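Subject: The structure you asked about

Hi,

Here is the structure to open alongside this note. Have a look around it first, and then read on for what turned up.

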Amino acid sequence: MKKGVLMTGIALMLSGLLVGCGGGNKEKAKDNGAGNLTIYCPHPLEFIDPLVKEFEVKTGVSVEVIAAGTGELMKRVESEKDNPLADILWGGTISTVEPIKDYFLPYTSVNEDSFYDAYKNKEGNMTRFTAVPSVLMVNTNLIGDIKVESYEDLLNPALKGKIAFSDPAKSSSSFEHLVNMLYAMGNGDPDKGWWYVEKLMNNLNYTLLSGSSAVYKGVADGEYTVGLTFEEGSAKYVNSGAPVKTVYMKEGVIVKPDGVYIIKNCKNEENAKKFVDFVTGKEAQTMITSELNRRSIRKDVGAGKGLEALENINVIEDDINVVNASKQQWLDKFKDIYTK
């Protein structure tokens with residue numbers, strides 16, 4: 001069986017990209033002495049830029065963003081623990097980032113009371129930012145009369161070699177999908193969901209993409225009929241009129257929060273707190289749902305265009321303690337399956 005990893009866009013994800021946002025605003029910030037802020041961020045640039053520019057305008061703080069994959073940025077935070085080169089890690093789901101939580105500064109946002117209970121900062125140093133469901137993305141020009149409403153439907157032989165999925169070891173959204181399918185197809189017991197992973201990998205021809213962006217771009221561009229991705233990745237193409245649709249798996253959808261984390265001993269602590277309060281405020285969260293295809297963690301901000309209301313989704317839950325304790329074991333087991 002042919003197997004391999006399609007290396008798409010890996011240079012961008014692993015090398016890191018220094019991104020200056022809002023150049024005119026930075027000059028303004030320097031002029032009024034509001035100070036600086038350095039942010040590590042795995043979010044797409046089209047998501048980062050408008051929010052950072054708005055923050056610079058509101059506060060006069062000059063921001064530099066270093067963009068790379070979540071795993072790469074987590075390694076940087078850990079290796080720089082004695083001399084942090086950034087102030088904020090902005091992105092990465094709570095369960096993905098949890099292993100390095102000791103490197104984050106305790107802080108409770110001024111907006112915490114407006115969050116849904118499920119998205120409260122229980123740890124004291126892990127502020128939730130948005131809610132991120134795992135979804136399926138379907139190319140409506142290619143799907144024809146093939147039904148795709150569930151994980152089970154992805155085992156249809158008619159989809160063999162036409163499904164996009166990235167390596168869970170390299171993509172946090174892909175790892176969340178692995179967790180989702182283990183719980184959903186194991187009826188709540190992740191140890192009983194591996195039969196599905198075996199069958200799915202066979203229908204993927206044991207081929208994975210290198211990053212999450214390659215999945216939704218591949219489906220939107222017609223390279224693949226179906227992709228396993230996260231809601232924002234699909235919704236932005238739906239809202240732009242691309243021939244795609246978002247499917248919430250019938251067996252169940254885990255809606256994981258990602259976060260915004262202040263790095264302990266950072267050089268610009270007060271500006272970091274301002275940023276956390278800004279991106280969790282009602283104005284920024286409304287912008288996120290209405291313009292940037294994300295789901296808010298606030299009770300007073302609706303689902304937004306192209307996003308299904310939560311009450312219409314079969315939401316299931318995982319056990320974060322089990323997931324964290326089992327993560328490496330599950331990644332190793334997944335690797336054994338797709339490389340066999």
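A disulfide, as counted here, is a pair of cysteine sulfur atoms within 2.5 Å. By that cut-off the structure, which is a predicted model, holds 0 disulfides.

Next, the charged pairs. Side chains of opposite charge can pair when their charged atoms come close. Searching the whole structure gives 16 salt bridges, and a few of them are worth a visit.

Start with helix H3, which spans residues 45–59 and holds both Glu54 and Lys58. These two form a salt bridge, with 3.9 Å between the closest N and O atoms. They sit 4 residues apart, about one turn of the helix. An α-helix has 3.6 residues a turn, so residues three or four places apart point the same way. Both partners are partly exposed: Lys58 has a relative accessible area of 47%, and Glu54 has 26%.

Another bridge joins Glu98 to Lys101, where the closest N and O atoms are 3.3 Å apart. Lys101 is partly exposed, at 27% relative accessible area.

Which parts of the chain does the bridge between Glu231 and Arg295 link? Glu231 lies in helix H9 (residues 231–239) and Arg295 in strand E12 (residues 295–296), so this pair, 64 residues apart, ties together distant parts of the chain. The closest N and O atoms of Glu231 and Arg295 are 2.5 Å apart, and both residues are buried. Elsewhere, salt bridges with shared partners join Glu54, Lys58 and Glu283 into one network.

In helix H7 (residues 194–203), the buried residues are Trp194, Tyr196, Val197, Leu200, Met201 and Asn203. They pack against strands E7 (163–164), E8 (207–209) and E9 (226–230), and against helices H6 (172–185) and H12. After H7 comes Asn205, with a positive phi near 55°.

In helix H11 (residues 282–291), Ala284, Gln285, Met287, Ile288 and Thr289 are buried. Their packing partners are H3, strand E6 (127–139), helix H10 (269–279) and E12. H11 is likewise followed by an asparagine with positive phi: Asn293, near 65°.

Rolling a probe the size of a water molecule over the atoms shows where empty space is left. The second largest pocket has a volume of about 550 Å³. It is lined by 22 residues, and those closest to its centre are Ala118, Lys122, Val255, Pro257 and Glu317. Helix H5 (94–97), strand E11 (253–262), strand E13 (315–316) and helix H12 (320–338) each give two or more residues to the lining. Strand E11 has the largest share, with 4 residues. What is the lining made of, by class? There are 11 nonpolar, 3 polar and 8 charged residues around this second largest pocket.

Note on methods:
Residues are numbered from 1 along each chain as its sequence is written. This is a predicted model: local features need pLDDT of at least 70, side-chain atom pairs count only at pLDDT 80 or more; totals for chains, interfaces and linings use all residues. Side-chain values use heavy atoms; hydrogens and water are left out. On a 1 Å grid over the protein atoms alone, a cavity is a set of points where a 1.4 Å probe fits but cannot get out, and a pocket is an open set with protein on both sides within 12 Å along at least five of seven lines; lining residues have an atom within 4 Å of a point. Grid points are joined across faces, edges and corners, and a volume is the space filled by probe spheres set on the points. Ala, Val, Leu, Ile, Met, Phe, Trp, Tyr, Cys and Pro count as nonpolar, Asp, Glu, Lys and Arg as charged, and the others, Gly among them, as polar. A salt bridge is a side-chain nitrogen of Lys or Arg within 4 Å of a carboxyl oxygen of Asp or Glu. Buried means under 20% relative accessible area, exposed over 50%, partly exposed in between (1.4 Å probe, protein chains only). Contact means heavy atoms within 4.5 Å.
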